[in-house]
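Subject: Structure for your review

Dear colleague,

Please find the structure below, handed over for your use.

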Amino acid sequence: AISLRDLFTFGKLSQSKPSVRLQNAVFLHRELPVRMAQRIEELKSLPFGLAQAPPIIKVIGWYSFFVDTLTSMPRLVDSDDERKFTATIETQLQTPSLVVTMLSSAVASPSTTHSASSQQLSFMQSVLDRFFTARIGLRFLMEHHIRSAEPQDDRWSGIIQANFEPTEVIRHAAEDAKLLCVDEFGYAPDVLIEMADEEDSPSERRNSRLTGVPSHMHYICTELLKNAMRATSTRYQDAATLPPIRATSTR
């Protein structure tokens with residue numbers, strides 16, 4: 001298994017050692033088609049005839065095209081091959097941005113689950129959970145390889161940032177969620193961001209900073225806060241003031 005530490009180390013080494021980038025590109029060239037093909041088979045296994053739904057067929061087509069593109073590429077042997085490969089996967093990241101929307105539209109169709117049993121719904125949910133979880137991993141590997149080639153300060157390695165402050169990520173996510181809430185309701189509750197009380201921990205261990213992927217954390221926090229703001233705005237729509245939302249960061 002590949003750890004976050006392994007990926008961070010790769011990102012740092014690849015900036016000064018082309019051989020490391022080539023080694024990782026060779027790994028991705030071999031691994032991505034296999035993982036993409038697995039995602040295609042998962043979509044084909046969806047119940048209720050979903051595999052024949054136009055949005056699902058479209059997504060399967062995107063993934064199949066990418067598999068064919070990668071498998072038709074010759075073996076990567078030098079830095080020129082690595083750069084061509086990197087350009088190819090960067091295009092892939094930009095193209096199927098509608099995957100989530102397409103799958104959601106197919107699954108949300110009233111005819112899809114009208115007469116479905118709980119067992120069938122559970123199976124469909126498990127397939128989709130595996131698909132989206134694996135999709136995050138695929139995009140992580142590709143984004144990290146692409147970003148690792150770019151000039152970055154010492155705290156960054158690809159899409160991984162060392163020693164970042166999670167409360168700052170939450171604050172930016174709250175600002176984005178607030179814009180969405182105001183656009184929908186005309187107003188939005190405030191978000192109070194605080195650190196958890198850790199009095200039982202030695203002071204030197206109360207470091208709030210993390211090493212991780214801020215963009216992923218930002219996305220998750222935005223979704224959570226957006227839902228919380230929508231619920232609060234709906235419940236207290238007739239109140240003079242809205243109660244604040246509390247976001248607590250802890251380790």
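How are α2 and α3 oriented to each other, roughly parallel or roughly antiparallel? Before the answer, two notes on the source are in order. This is a predicted model, in which local features need pLDDT of at least 70 and side-chain atom pairs count only at pLDDT 80 or more, while totals for chains, interfaces and linings use all residues. Residues are numbered from 1 along each chain as its sequence is written, and side-chain values use heavy atoms, with hydrogens and water left out.

The axes of helix α2 (residues 18-44) and helix α3 (residues 54-71) come within 9 Å and cross at roughly 160°. Axes are lines fitted to C-alpha atoms, for helices over the stretch in contact, and angles run from 0 to 180 degrees between N-to-C directions. Helices (H or I, at least four residues) and strands (E, at least two) are DSSP runs, numbered from the N terminus. The two helices α2 and α3 are therefore roughly antiparallel (angles over 145 degrees).

Contact means heavy atoms within 4.5 Å. In α2, residues including L32, M36, I40 and L43 meet residues of α3, among them I56, V59, Y63 and L70. By class, this contact of α2 with α3 has 13 nonpolar, three polar and two charged residues. Here Ala, Val, Leu, Ile, Met, Phe, Trp, Tyr, Cys and Pro count as nonpolar, Asp, Glu, Lys and Arg as charged, and the others, Gly among them, as polar.

Helix α3 also meets helix α5 (residues 99-107), their axes coming within 8 Å and crossing at roughly 150°. Consequently, α3 and α5 are therefore roughly antiparallel to each other. P55, I56, K58, V59, W62 and Y63 in α3 meet V99, M102, L103, S105 and A106 in α5. The contact of α3 with α5 comprises nine nonpolar, one polar and one charged residues.

Turning to the strands, three of them form an open antiparallel sheet in the order β1-β2-β4; two strands pair if DSSP finds at least two bridges between them. β1 (156-157) and β4 (210-212) stand at the edges with a single partner strand each, so one side of each lacks a neighbour in the sheet. Two bridges join β1 to β2 (residues 160-164), and S157 stands opposite I160 in β2.

As for confidence, pLDDT is the predictor's confidence in each residue, from 0 to 100. The chain has a mean pLDDT of 89, with 91% of its residues at 70 or more. Over residues 200-206, however, the pLDDT is below 50. Where pLDDT is low, the predicted coordinates should not be read in detail.

With kind regards

Note on methods:
Parallel < 35°, antiparallel > 145°, perpendicular 65-115°, else oblique.
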